[in-house]
Amino acid sequence: VTESAYLEKAEVTRYTVEQNQRRVSRHMQVDLARALHGDKEANILLQPYDVLTVRRMSNWRNIEHASVSGEVKFPGSYPIEEGEHLSSLLARVGGFTSKAYLAAAVFTRVSIREEQQKQLQELGKQMQADIERQAASLSNIKDVSIQKRNQQDLDKAKAVLKRMQDAKATGRLVIRLADLEHFKGSEFDLRLRDGDKLMIPQQPDQVLVLGQVYNQAALLYRRDFAPDDYVDLAGGTKRFADTSRIYVIRANGEVDADQSVWRRKRVYPGDTIVVPQDLDQFHLLDSVLDWSRAAANIGLTLASFKAVGVL
């Protein structure tokens with residue numbers, strides 16, 4: 001028997017034929033622990049076609065692990081119990097070091113990564129079908145200039161599809177860490193699952209600027225800089241930049257796209273400023289707008305990972 005076997009009550013199912021007309025089954029409880037220790041009364045003699053069922057202990061679960069890396073006192077992979085919370089694991093690893101930058105904590109989960117990847121694949125299939133339908137209709141367009149313009153749009157759509165197909169989901173779940181006293185019992189004090197990972201970096205000293213700028217770069221963090229200041233340092237926006245939709249990916253993975261306070265918006269270490277492309281130029285494939293935004297969102301976590309030094 002295995003470690004998970006429930007030995008007090010195994011079951012033997014025995015089949016007999018009555019009067020050569022019908023089969024009858026009966027179930028017998030067996031104390032398997034006594035039988036294995038040689039108790040003759042419990043160690044019954046089996047007959048042909050008997051079925052012995054050894055149950056599993058109701059609360060048995062395989063050993064599961066969650067890992068913590070970065071700025072904690074005792075990083076590593078730890079076995080976890082069913083229902084254990086993140087605050088418990090953080091206490092077990094000794095808490096945070098003085099260098100921990102909690103605002104950039106990265107928490108990933110296997111099930112989330114699998115679901116994200118599944119959604120990406122489904123989006124890719126739908127977009128592929130849209131592109132194929134539009135490509136088939138190109139031959140019916142007689143106007144050369146319209147045909148050329150539509151072909152350019154198709155090429156752009158294919159480029160978006162390629163990015164989507166190449167993207168790998170990260171499985172990141174956005175959380176907000178705090179000192180253990182305030183974190184325990186908070187809405188972000190998650191129940192842990194097997195394979196969960198938490199990485200707590202040191203405070204980065206840079207801000208990333210990505211997208212439609214002339215020099216995508218990591219720039220030194222400056223306390224008094226607004227988003228536009230960093231964009232200017234990156235060479236300014238390109239021709240097809242959508243300047244009305246620039247957004248900030250916070251170090252913890254949240255997206256701040258509030259334009260009403262753009263010029264007063266604070267930027268913090270590890271944040272990423274993204275200048276998106278003006279998607280309105282895709283006038284042939286309307287659905288590409290949605291797929292393009294989805295493809296862009298795939299990069300959000302990767303960008304924030306790079307900003308805090310995880311990648």
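Residues are numbered from 1 along each chain as its sequence is written, and side-chain values use heavy atoms, with hydrogens and water left out. Since the model is predicted, local features need pLDDT of at least 70 and side-chain atom pairs count only at pLDDT 80 or more, while totals for chains, interfaces and linings use all residues.

Let's start with a sheet. Helices (H or I, at least four residues) and strands (E, at least two) are DSSP runs, numbered from the N terminus, and two strands pair if DSSP finds at least two bridges between them. Five strands make up an open sheet with mixed pairing, and their order is 10-9-13-11-12. At its edges sit strand 10 (217-220) and strand 12 (255-256), each pairing on one side only.

Strand 9 (residues 206-211) runs antiparallel to strand 10, and four bridges join them. Val 207 has Leu 219 as its bridge partner in strand 10. A hairpin of five residues takes the chain from strand 9 to strand 10.

Both of those bridge partners turn up again around Tyr 230, where contact means heavy atoms within 4.5 Å: this tyrosine touches Val 207 and Leu 219, and its other contacts include Val 209, Phe 225, Val 267 and Ile 273, not counting residues up to four places away in sequence. Tyr 230 belongs to helix 6 (residues 227-233). With 0% relative accessibility, Tyr 230 is buried, a label that means under 20% relative accessible area, with exposed being over 50% and partly exposed in between (1.4 Å probe, protein chains only). Leu 220, also among its contacts, is 10 residues from Tyr 230 in sequence and 9.1 Å away in space, C-alpha to C-alpha.

Strand 11 (residues 247-249) pairs with strand 12 in the antiparallel sense over two bridges, and Val 248 has Asp 256 of strand 12 as its bridge partner. The side chain of Asp 256 also meets that of Lys 265 in a salt bridge, at 2.8 Å from N to O. (A salt bridge here is a side-chain nitrogen of Lys or Arg within 4 Å of a carboxyl oxygen of Asp or Glu.) Lys 265 is buried, at 6% relative accessibility. The pair is part of a salt-bridge network that links Arg 250, Asp 256, Lys 265 and Asp 271.

The whole structure has 14 salt bridges. One of them joins Asp 50 to Arg 14, with the closest N and O atoms 2.7 Å apart. Asp 50 lies in the loop between helix 1 (32-36) and strand 3 (51-53) and Arg 14 in strand 1 (residues 10-18), so this pair ties together parts 36 residues apart in sequence. Both residues, Asp 50 and Arg 14, are buried.

Finish in strand 3, which holds Leu 52. Leu 52 is partly exposed, at 43% relative accessibility.
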